Amino acid sequence: MGLFDNAVPGGNITKPLMIALGALLVGKMLSGRSEDPAAPQAPAPTPAGTDASADGGLLGGLGGLLDKLKDAGHGNVADSWVGTGQNQPINANDLGSALGPAVIREIAQRTGLNEQELLQQLSTALPGIVDKLTPNGQVPQNHQVASAFNS
C-alpha cells in the first residue's frame, strides 16, 4: 500500500478497513471499483446536514473528519494526529459518537463488518493514517487524499 505501510499497528490494512477509510475520506473510491460483485456499487450517499463534496467521502474528506472529531470534543486527539508529535489514541466508542450512527451504519454495510468491529479497527488505524496523510502538519486537499489511496 506504499504510504500506509507503517500507519497501522501490525502493518496490516485489510480490504474492509481500506473500504471504511475510503468511505470516510474518498467517496469516489467506492463507486464501481469493488472487486466483490456482491458489494454495493452506488456512490456513497451524503448524510443530511453535511457539506461533503463529491470526492470527499461521507464526511467531506479528511478536513470533515477532523471537524467532526473537534465538534465532539476530541480536538486535542485529532490535532495530535495532524501535528508532528506523538499520536494520541481514540476510544472506539468516542469515535463512534463523533462520527454518528448514520455514518457508522453506512460504512458497516459497505465493509461487511459489524459496527463495533468497524469502530475498533478505525480507532486503531485512524491515528496512523491521518498522521501519514499530514506529514507536515497540514491537512491536504481532497484530491490529494484520493491520490494517496489510489497509489
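This is a predicted model: local features need pLDDT of at least 70, side-chain atom pairs count only at pLDDT 80 or more; totals for chains, interfaces and linings use all residues.
Which residues of H3 are buried? Residues are numbered from 1 along each chain as its sequence is written, and side-chain values use heavy atoms, with hydrogens and water left out.

**Figure 1. Overview of the protein chain, which has 7 helices and 0 strands.** Helices (H or I, at least four residues) and strands (E, at least two) are DSSP runs, numbered from the N terminus. The order along the sequence is α-α-α-α-α-α-α. Of the 151 residues, 48% count as buried, where buried means under 20% relative accessible area, exposed over 50%, and partly exposed in between (1.4 Å probe, protein chains only). The chain exposes about 7,400 Å², of which carbon and sulfur atoms supply 47%; accessible areas come from the Shrake-Rupley method with a 1.4 Å probe, and for residues only the protein chains shown count as cover. Among the contacts in the chain with a separation of 6 or more, 68% come from residues 24 or more positions apart; contact means heavy atoms within 4.5 Å.

**Figure 2. Helix H3 (75-82) and its cover.** The buried residues of H3 are Gly-75, Val-77, Ala-78, Ser-80, Trp-81 and Val-82. Because 6 of its 8 residues are buried, H3 is largely enclosed by the rest of the structure. The cover over these buried residues includes H2 and H6. Val-77, which lies in helix H3, is buried with a relative accessible area of 12%. Leaving aside neighbours within four places in sequence, Val-77 is in contact with Gln-88, Pro-89 and Ile-90. The C-alpha atoms of Val-77 and Pro-89 are 7.0 Å apart in space, although the two are 12 residues apart in sequence.

**Figure 3. His-74 in the loop between H2 and H3.** The relative accessible area of His-74 is 15%, and the residue is therefore buried. Apart from neighbours within four places in sequence, the residues in contact with His-74 are Leu-69, Ile-90, Asp-94 and Ala-98. Of this group, Ala-98 is 24 residues from His-74 in sequence and 8.2 Å from His-74 in space, C-alpha to C-alpha.

**Figure 4. The crossing of helix H2 (residues 61-71) and helix H4 (residues 92-99).** The axes of these helices come within 8 Å and cross at roughly 110 degrees. H2 is therefore roughly perpendicular to H4. The contact involves Leu-65, Lys-68 and Leu-69 of H2 together with Leu-95, Ala-98 and Leu-99 of H4. These residues divide into 5 nonpolar, no polar and 1 charged; Ala, Val, Leu, Ile, Met, Phe, Trp, Tyr, Cys and Pro count as nonpolar, Asp, Glu, Lys and Arg as charged, and the others, Gly among them, as polar. Axes are lines fitted to C-alpha atoms, for helices over the stretch in contact, and angles run from 0 to 180 degrees between N-to-C directions. Angles under 35 degrees count as roughly parallel, over 145 as roughly antiparallel, 65 to 115 as roughly perpendicular and the rest as oblique.

**Figure 5. The crossing of H4 and H6 at roughly 100 degrees.** The two axes come within 8 Å, and H4 and H6 are roughly perpendicular to each other. On the H4 side, Ala-92, Asn-93, Leu-95 and Gly-96 take part, meeting Gln-116, Leu-119, Gln-120, Leu-122, Ser-123 and Leu-126 in H6. By class, this contact has 5 nonpolar, 5 polar and no charged residues.

**Figure 6. The kink in helix H6 (residues 115-133).** A kink of about 40 degrees lies at Ala-125, shortly before the proline Pro-127; the bend at a residue is the angle between axes fitted to the seven residues ending there and the seven starting there. Both Ala-125 and Pro-127 belong to the buried residues of H6, which also include Leu-118, Gln-121, Gly-128 and Leu-133. Helices that cover the buried residues of H6 include H1, H2, H3, H4, H5 and H7.

**Figure 7. Leu-25 and Gly-22 in helix H1.** Leu-25 is buried, with a relative accessible area of 0%, and Gly-22 likewise counts as buried at 0% relative accessibility. Gly-22 and Val-145 are 123 residues apart in sequence and 9.5 Å apart in space, C-alpha to C-alpha.
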